[in-house]
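Visitor: Please take me through one part of this structure up close. I would like to look at charged side chains that pair up.

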Amino acid sequence: MMLNIVDREEDNAFLRRKKKSVRNRFKLTQAGTIEAANLLCAWLAVIGRTGEARDILRDYAEHIPLEKSRWERAEAACKAMLLLAWLEKRHGNRAESERLSQWALTQWLITGSRSEDKKALFWRQVEGFNMVTEMIEFCEMKHNDICVVYAEHFLEFLYFEQLGEHFDSFSETDQLMLTSILNENIRVLEAEVMA
């Protein structure tokens, strides 16, 4: 399957490389290539190119074959659906956002989310996000790796952004923290992608 990924004049070197890689390697049956496409769409979304990200996601998100023995692929599919749902909501398509979110809600495919308490999972992810700066400095991470780490956190937080209202243990305080940390994640990731 070929994704309709178009090079644009406003693409920086980082985005041009990532687009080329996803365009050349994408396969609906390989979790790694789905994850790479999800990251590309996350980067486009946070820099304000939500229409472009949405178009790419629409090409593949609902076409990924799901198999019980292929958890990595199923998890990547769920993240694609939640990112697309978030983008649809931002574009005012609430019904479509809810449809996509409901699909993800019924799958329970995000790592740790199937049986773990949602509040504990959320706060562990917040703690992980808060440690990223130290990890970057300690490991002397390259630009590409920094963009990947922040995008992965962004995709994990979208699980709660899109589905948090359905979790009994997810409180108003948790929702306020989610809004704050998601905005911070987007701000930092946008700066890194554009660097």
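Guide: Start with Arg49 and Glu10. Their side chains meet in a salt bridge, 4.0 Å from N to O. A salt bridge here is a side-chain nitrogen of Lys or Arg within 4 Å of a carboxyl oxygen of Asp or Glu. Arg49 lies in the loop between H2 and helix H3 (50-60), and Glu10 in the segment before H1, so the pair ties together parts that are 39 residues apart in sequence. Helices are DSSP runs (H or I, at least four residues), as strands are (E, at least two), and they are numbered from the N terminus.

This is a predicted model: local features need pLDDT of at least 70, side-chain atom pairs count only at pLDDT 80 or more, and totals for chains, interfaces and linings use all residues. Residues are numbered from 1 along each chain as its sequence is written, and side-chain values use heavy atoms, with hydrogens and water left out.

Now compare how the two partners sit. Arg49 is buried, with a relative accessible area of 13%. Glu10 is partly exposed, at 48%. Buried means under 20% relative accessible area, exposed means over 50%, and partly exposed is in between (1.4 Å probe, protein chains only).

Arg49 also has another partner. The side chains of Asp11 and Arg49 meet in a salt bridge of 2.4 Å, N to O. Asp11 lies in the segment before H1 and Arg49 in the loop between H2 and H3, so this pair ties together parts that are 38 residues apart in sequence. Asp11 counts as buried, at 3% relative accessibility. The links go on from there. Salt bridges that share partners join Arg8, Glu10, Asp11, Lys19, Arg49 and Glu52 into one network.

Next, look at Arg23. Arg23 forms a salt bridge with Asp7, and the closest N and O atoms are 3.2 Å apart. This pair links distant parts of the chain: Arg23 is in helix H1 (residues 13-25), Asp7 is in the segment before H1, and the two are 16 residues apart. Asp7 is partly exposed, with a relative accessible area of 44%.

Step back for the total. A search of the whole structure finds 16 salt bridges. Those traced here include Arg49 with Glu10, Arg49 with Asp11 and Arg23 with Asp7.
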